[in-house]
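Please keep the sequence and the coordinates at hand while reading.

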Amino acid sequence: MLPLEVTHMKIKFVAGFGPLVRDRQVSLEFYRDTLGLPLHGDEYVSADEIDGVKHFGQWTLEAAAQSIFGTRQWPSDVPTPQANIEFDVESEEAVGRAAQELRNAGHRILVGPKKEEWGQTVLRLSSPEGLLISITYTPWMQS
């Protein structure tokens, strides 16, 4: 039997990412009104004006739990996320301001702002759909 030739696609960029929403209004209030994303549309709400993804990674649930809660077990009272999305801001101070804005809007911050051992400043919370949302300052990605 001849070995199969393995070919690999060449992925050029992340073309899209978005939550599968259960409650459109709650989701719009979070992403458009609280986070300030330029979302447009009626039936299909989207934005094409957000700059590209700078990093795609597979973060284990255990590692995320360790970073957020200090234990490798995800707590049962917090929805288990299926994905993480990070929104980078212009400075460490901006992460702090984002935390205050999110708290003022009634969102539960899971952790942060804090500086991770790899140098990224983060705050993390759950979206209405249960995505792990990170507001970050990543110095090496700033240009």
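Helices (H or I, at least four residues) and strands (E, at least two) are DSSP runs, numbered from the N terminus. Under this definition Pro113 belongs to strand E2, which covers residues 109-115. The model is a predicted one, in which local features need pLDDT of at least 70 and side-chain atom pairs count only at pLDDT 80 or more, whereas totals for chains, interfaces and linings use all residues. Residues are numbered from 1 along each chain as its sequence is written, and side-chain values use heavy atoms, with hydrogens and water left out.

The protein contains 3 helices and 4 strands, arranged along the sequence as α-α-β-α-β-β-β. Its C-alpha atoms fill a box of roughly 65 × 40 × 40 Å along the principal axes. Burial is expressed through relative accessible area: buried means under 20%, exposed over 50%, and partly exposed in between, with a 1.4 Å probe and protein chains only. Of the 143 residues in the protein, 29% are buried. A contact means heavy atoms within 4.5 Å. Among contacts between residues at least 6 apart in sequence, 50% join residues at least 24 apart.

In soluble globular proteins, nonpolar side chains tend to be buried together. A nonpolar core is here a set of buried Ala, Val, Leu, Ile, Met, Phe, Trp, Tyr and Cys residues joined through side-chain atoms within 4.5 Å. The largest such core has 18 residues, and those with the most contacts inside it are Tyr31, Leu102, Leu123, Ile133 and Ile135. Two or more residues come from each of helix H1 (24-34), strand E1 (84-88), helix H3 (92-104), strand E3 (121-126) and strand E4 (132-137). Helix H3 gives the most, with 4 residues. A second, separate core of 8 residues includes Ala64, Ala65, Trp74 and Leu110.

Most peptide bonds are trans.

The charged side chains come next. A salt bridge is a side-chain nitrogen of Lys or Arg within 4 Å of a carboxyl oxygen of Asp or Glu, and by this rule the count comes to 6. One of them pairs Glu86 with Arg124 at 3.8 Å, N to O. This pair links distant parts of the chain, with Glu86 in strand E1 and Arg124 in strand E3, 38 residues apart. Glu86 counts as partly exposed because its relative accessibility is 37%, whereas Arg124 is buried, at 0%. Another salt bridge joins Glu116 and Lys114, whose closest N and O atoms are 3.6 Å apart. Here Glu116 is buried, with a relative accessible area of 8%, and Lys114 is partly exposed, at 26%. Through salt bridges that share partners, Glu86, Lys114, Glu116 and Arg124 form one network.

A further salt bridge connects Arg32 and Asp33, with the closest N and O atoms 2.8 Å apart. Both residues are partly exposed, Arg32 at 31% and Asp33 at 48%. Asp33 also has a C-alpha to C-alpha distance of 9.9 Å to Ala105, although the two are 72 residues apart in sequence. Ala105 is placed in the loop between H3 and E2.

Which residues line the second largest pocket? A pocket is found on a 1 Å grid over the protein atoms alone, as an open set of points where a 1.4 Å probe fits, with protein on both sides within 12 Å along at least five of seven lines; lining residues have an atom within 4 Å of a point. The lining consists of Gly18, Pro19, Leu20, Arg22, Thr80, Pro81, Gln82, Glu129, Gly130 and Leu131.

Glu129, one of the lining residues, sits in the loop between E3 and E4. Glu129 counts as buried because its relative accessibility is 13%. Not counting residues up to four places away in sequence, Glu129 touches Pro19, Leu20, Val21, Arg22, Ser27 and Tyr31.
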